[in-house]
Amino acid sequence: MTHPVPTAQSGPDQGPAPVVLKKYGPRRALRVDLHTLSLLGILAVLVAVGGITEPDAFLDTGNLQLVLTQASVIGVVTVGVTLVITSGGIDLSVGAMVALASVWASTLATQEYGFAGILFTAVLVGLVAGLVNGVLIAYGRVVPFIATLAMLASARGLALMITDGKTQIVTVTSVLDLGLPDSYVLGIPPLVLIFAAVTAAGWLLLNRTTFGRRTIAIGGNAEAARLAGIDVRRQRLYLYLLSGLCCGIAAFMLIILSGSGQNTAGNLYELDAIAAAIIGGTLLSGGRGTITGSVLGVLIFTTITNIFALNNLQSDVQQIAKGAIIVAAVLVQSRTSRTET
Amino acid sequence: MAPRSTLLTMSGITKSFPGVRALDGVDLEVRAGEVHCLLGQNGAGKSTLIKVLAGAHQPDDGEITWSGAPAVLKSPLAAMRLGIATIYQELDLVRGLSVAENVFLGHEPVSAGFVVRARRARTEAAALLARLGHPEIDPGRSVGELSAAQQQIVSMARALSHDVRLIVMDEPSAALDPDEVDNLFRIIASLTAQDVAVVYISHRLEEIRRIGDRVTVLKDGRAVAAGLPAGTTPTHDIVALMTGRKVEYVFPPRTPPPAGRADAAPVLTVEGLARKGEFAPIDLEVRPGEIVGLAGLVGSGRSEILETVYGARRATAGRVTVAGKALRPGSVRAAVAAGIGLAPEERKAQALLMLESVTRNVSVSTLSRYSRAGWVDRTAERKAARDATRTLSLHPDNPDTPVRTLSGGNQQKAVLARWLLRGCRVLLLDEPTRGVDVGARAELYAVIRRLADEGLAVLLVSSEVPEVLGLADRVLVLREGRVVHTADASDLDEHRVLDLVMEGSPTP
């Protein structure tokens, strides 16, 4: 693919001749940074711990499929949240959006339209909720923390109103079938494939497109981005829309996984997603984000949960371990960023 | 001048960061009651040295003697306890707190061990501000409401609130008007009269001549000259020491416009542009190849005019036309689309993505050009960025360099390269040489003149009158948001401009 070099007055022959032609360092794409390596190391240690403490239960194919499936739902949410955080924003409403989308998509009225009705509704509800967030933040100039906090409260409220607190059982078999081993592709559950697709899309979006560049630019320095001619507000709107879209997809996945819609679905997803993004290496202040890191963060969290459950440890111990990991990861991060400057 | 006792000796100070040896055995000797100037290009080690002095960095090697006794500055608090105060270039005040709270931050007057005696803090802060010649600053006001100059006074009051014997000032005059600089120098003189030593860092040689006693020049982490007399050392000697080469600190010659361009239609036309409370309606035209300068004090509306032309501020009246096409007011995107580029005053805050590489900083305004359906062709992007930075001789010649590691002059070139790549027709330059070394300035002037020669229309704002006069073809002198004089730069001199700028009240 050739591109015309767009130069008004930048032909190299017009300037002073460059003295030395420097060789460039290794290509960015091929370089695995230290942080990613350390996350892989943590994950390897966890797998080793699981394999040693419960060799039969942990390394069982069914268990590994379960771990990946569980990681998939929160993982899709985390991809959206990572993009928002990279832009210097925050989305606290992801869990509530998942709940709202999952109950709206599983009402009896929606179920009449079958597979397409459920998928369409889940995605649409996520998009609309994301749109409200985006409009409030980008054009209403509401601080992201407040706007998404308000969405968290009202989306959960609306979800409760729709279900009246009851679990809505899904009876559409074409949806439920996606959760059964018969639909696995080469042993991989369809939900994991969805997660992989969303991850790949998120990675490409952030690292290979103008959209990703603009996201990083407004996260790194919103004023500079504005003065460089970037439409900062529209970019913000798109980012919250994307986060809503991810929540809609996650809600559909959750319906497959649980066979139902509940107003308590996606509880505390916001915390898990933000924590996974942060330990993955995305800067909470914006300007630097990594989808790979976020996915590893999600896998680490889900693996811990699984190992604890297999070893019959209580969830309170789990929470403490997660908290310790978050602190450790952020400490490592601030060390490395300090030596860089 | 009576011989003074040595207050501080730093010898053989070494400090390395990963990949860089910032200080390579620096010696510095400061005497009580003197103004000791520290000169050096960006990256010479000035900042690291004063951070060692402030206790913010620990040296790897070397010795520090304070009042004749060995001293270890293991933390900023330890340095402060000895009587060393540092006023950083980026002021470290808490905007949400009041003046008095900022002055006594960390050592508030307390009773019963923890109850802050707010009234006493206010009285003492008021006394310090009065001593600094600024009794009009209300200690109860929030620091965020103060001007940059006032904030600097507060910073200084904070320094004086300790029992201070040495004050380090890092480019204190960078954000100040000439009369505010005069006031600063008065304060410095009264401090030295009380035997307080001042370590003064500035790029402006004329200031060093006015107030400095002795000069130490740093280059590449070493002191290449120490204790030079500030008043009498010739400028070209100092510049040569700083750069390691002889530099002609001159402006490029104005080239006569090629035939046909002299009466070319103006590419930028501003008619009756105004912003209520900031500047009165202004008319100006800039032709291709022409550099028009706006001269005036801080607060005269210079930067505001530039930002309004650019659409970053919405005009309350008037219009901006580029090549005959009127711009939608208040829209940066419209201005950029029409071919205007801005190199803003605060490079780091307003122009650069400090976490990113040179390439990504340069390409941010032209992304759609190396992309198809949103996909960035990174090879084409990097090649375009490298071509643009090479024409400006940006150093180092590696587009993957993180922009935060560049010197001020090269960071400015990265901003210019962004607009070059965009193929812009009008370049708005706000303080293009702020924070740029003396040696690098001449190079930047040459670049700006060359861009104009290649057909760009340049609108330049600078608080340094010689810069406007030396670089611009035509100059508009501003006072309190009004144009008071327009003339060819060759018909003006510095005194005339300063007279115009400060002349009486706005209404005759």
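At what angle do helix 3 of chain A and helix 14 of chain A pack, and how far apart are their axes? In this predicted model, the angle is about 145° and the axes lie 9 Å apart. The crossing of these two helices is right-handed. Helix 3 of chain A contributes residues including Val67(A), Ile74(A) and Thr82(A) to the contact. Helix 14 of chain A, spanning residues 291–310, contributes Ser294(A), Val298(A) and Asn306(A), among others. By class, this contact has 8 nonpolar, 8 polar and no charged residues.

Helix 3 of chain A (residues 61–86) also packs with helix 12 of chain A (residues 232–258). Here the angle is about 175° and the axes are 8 Å apart. Angles over 145 degrees count as roughly antiparallel, so helix 3 and helix 12 of chain A are roughly antiparallel to each other. Among the contact residues are Val73(A), Gly80(A) and Val84(A) of helix 3 of chain A, and Leu239(A), Cys246(A) and Met253(A) of helix 12 of chain A. This contact has 18 nonpolar, 4 polar and no charged residues.

In chain B, strand 11 (residues 214–219) and strand 12 (residues 222–229) run antiparallel and are joined by 5 bridges. Val217(B) has Ala225(B) of strand 12 as its bridge partner. The two strands form a hairpin, with 2 residues between them. Asp220(B), in the turn, has a positive phi of about 50°.

The domain assignment divides chain B into domain 1 (1–83 + 164–248), domain 2 (98–162) and domain 3 (268–502). The centres of domain 2 and domain 3 of chain B, taken over C-alpha atoms, are 38 Å apart.

Note on methods
Residues numbered from 1 in each chain as written. Chains lettered and ligands numbered in written order. Predicted model: local features only at pLDDT ≥ 70, side-chain atom pairs only at ≥ 80, totals over all residues. Pairing = 2+ DSSP bridges. Helix = DSSP H or I, 4+ residues; strand = E, 2+ residues; numbered from the N terminus. Domains from an automatic or database assignment. Axes fitted to C-alpha atoms, helices over the stretch in contact; angles between N-to-C directions. Parallel < 35°, antiparallel > 145°, perpendicular 65-115°, else oblique. Contact = placed C-beta atoms within 7 Å. Nonpolar A, V, L, I, M, F, W, Y, C, P; charged D, E, K, R; others polar. Left-handed = near helix turned anticlockwise from the far one by under 90°.
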